[in-house]
Amino acid sequence: MDVRFLGIAELAEVPPAAVVVDVMRAFTVAAWAFARGAERIVLAESLDEALALKARHPDWVALKDGPPAAGFDAVNSPGLLRSADLRGRTVVQKTTAGTVGALAVKDAPLVLCAGFVVAEATARLLRARGCGSVTFVVTGDDGRADEDLACAQYIARRATGAGADASEFLRRAGGSRAAAELAGGVREGAHPDDVALCLELDRFPFAMVAASEDSLMVLRPCAVPSPTGEASS
Ligand SMILES: O=C(O)[C@H](CS(=O)(=O)O)OP(=O)(O)O
Ligand SMILES: [Mg+2]
């Protein structure tokens with residue numbers, strides 16, 4: 001498997017397969033939304049688009065990063081979302097890095113969104129699909145965010161069958177600037193447990209696949225065959 005790690009601005013061509021990584025916090029939040037029953041997540045291009053979708057579909061749950069804002073129902077925090085009842089709901093998510101990264105590769109034939117909470121399922125899906133070439137989109141800090149790069153490198157190691165001790169990758173993510181900002185209260189719309197929740201390795205058994213549906217980029221959970229051939233969720 002040929003792997004590359006690129007920031008959003010470095011994406012010059014449509015990759016055959018992309019894994020968009022945002023550990024803190026967009027795709028940890030997305031995974032929690034599915035765990036709490038959300039049916040799908042629409043990745044919005046802008047705050048205005050998120051609000052327009054919400055206006056058109058009042059039953060949808062509009063979620064953004066940063067502080068709570070008028071018109072939005074939730075913020076980009078796993079700690080705050082983990083007690084929400086989202087059964088059957090459509091979530092509309094707009095964040096600074098994660099959703100932007102996913103939309104930047106929307107024309108790719110396969111787009112997975114990932115963080116540590118779905119790392120193994122993501123690696124297994126890449127293996128199951130026989131992906132020969134995978135671009136990891138490191139969404140934070142122009143491709144330099146260490147929590148995202150560490151997670152991307154870990155998934156790549158798992159996907160290629162290389163042995164990987166997760167502890168060093170998790171240690172790097174825990175020492176990242178994003179983790180310090182979240183722990184220090186610099187990032188708004190946060191819960192004290194957010195960093196710990198973002199570092200829960202393989203908390204969920206599903207991968208997350210984004211694809212175009214009716215001109216929207218829609219993220220859905222995807223059960224992944226286990227090594228014995230059984231679906232894991
Ligand atoms: O919510 C987050 O942690 C960030 C926003 S910021 O870096 O705090 O402004 O968004 P994400 O897209 O999840 O990295
Ligand atoms: Mg991030």
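**Labels and their cut-offs**

Biologist: What makes Arg220 and Glu213 a salt bridge?

Modeller: Their closest N and O atoms are 2.9 Å apart. The term asks for a side-chain nitrogen of Lys or Arg within 4 Å of a carboxyl oxygen of Asp or Glu, so Arg220 and Glu213 qualify. Before we go on: this is a predicted model, where local features need pLDDT of at least 70 and side-chain atom pairs count only at pLDDT 80 or more, while totals for chains, interfaces and linings use all residues. Residues are numbered from 1 along each chain as its sequence is written, chains are lettered from A and ligands numbered from 1 in the order in which they are written, and side-chain values use heavy atoms, with hydrogens and water left out.

Biologist: Thanks! How do you know whether Arg220 is buried, partly exposed or exposed?

Modeller: By its relative accessible area, which is 28%. Buried means under 20%, exposed over 50%, and partly exposed in between (1.4 Å probe, protein chains only), so Arg220 counts as partly exposed. Glu213, at 24%, is partly exposed too.

Biologist: How many salt bridges are there, and which residues form a network of them?

Modeller: The structure holds 15. Asp141, Arg177, Glu181 and Arg187 are linked in a network. Within it, Glu181 and Arg187 meet at 3.1 Å, N to O; Glu181 is partly exposed at 22%, and Arg187 at 28%.

Biologist: And what does the salt bridge between Asp146 and Arg172 tie together?

Modeller: There the closest N and O atoms are 3.0 Å apart. Asp146 sits in helix 6 (residues 146–159) and Arg172 in helix 7 (residues 166–174), so the pair joins parts 26 residues apart in sequence. Helices here are DSSP runs of H or I with at least four residues, strands are runs of E with at least two, and both are numbered from the N terminus.

Biologist: What makes strand 3 a partner of both strand 6 and strand 10?

Modeller: Four bridges join strand 3 to strand 6 (residues 90–94), running parallel, and three join strand 3 to strand 10, running antiparallel. Val42 has a bridge partner on each strand: Val92 in strand 6 and Val218 in strand 10.

Biologist: Which way do the side chains of strand 3 point?

Modeller: Arg40 and Val42 point one way, Ile41 and Leu43 the other, and all are buried.

Biologist: What makes Leu126 stand out in the largest nonpolar core?

Modeller: That core has 75 residues, and Leu126 is one of the five that touch the most other members, along with Phe116, Phe136, Met208 and Leu219. A nonpolar core is a set of buried Ala, Val, Leu, Ile, Met, Phe, Trp, Tyr and Cys residues joined through side-chain atoms within 4.5 Å. Helix 1 (residues 26–35) gives the most to this core, with eight residues. Another core, of ten residues, lies apart from it and includes Leu53 and Phe72.

Biologist: Why is helix 1 called largely enclosed?

Modeller: Nine of its ten residues are buried, so the rest of the structure largely encloses it. Among them are Phe27, Trp32 and Phe34. Just after helix 1, Gly37 takes a positive phi of about 110°.

Biologist: Is Lys54 buried or exposed?

Modeller: Buried: its relative accessibility is 16%. Lys54 lies in helix 2 (residues 47–56). Beyond four places in sequence, Lys54 touches Trp60, Ala62, Gly71 and Asp73, contact meaning heavy atoms within 4.5 Å.

Biologist: Last one: how do you know which residues coordinate the magnesium ion (ligand 2)?

Modeller: Asp22 (OD) and Met24 (O) do, at 2.2 to 2.3 Å. Donors are N, O and S atoms within 2.8 Å of the metal (3.2 Å for Na, K and Ca), so both count. Water is not among the atoms, so sites may look incomplete. Asp22 is buried at 4%, and Met24 is buried at 4%.

Methods:
Two strands pair if DSSP finds at least two bridges between them.
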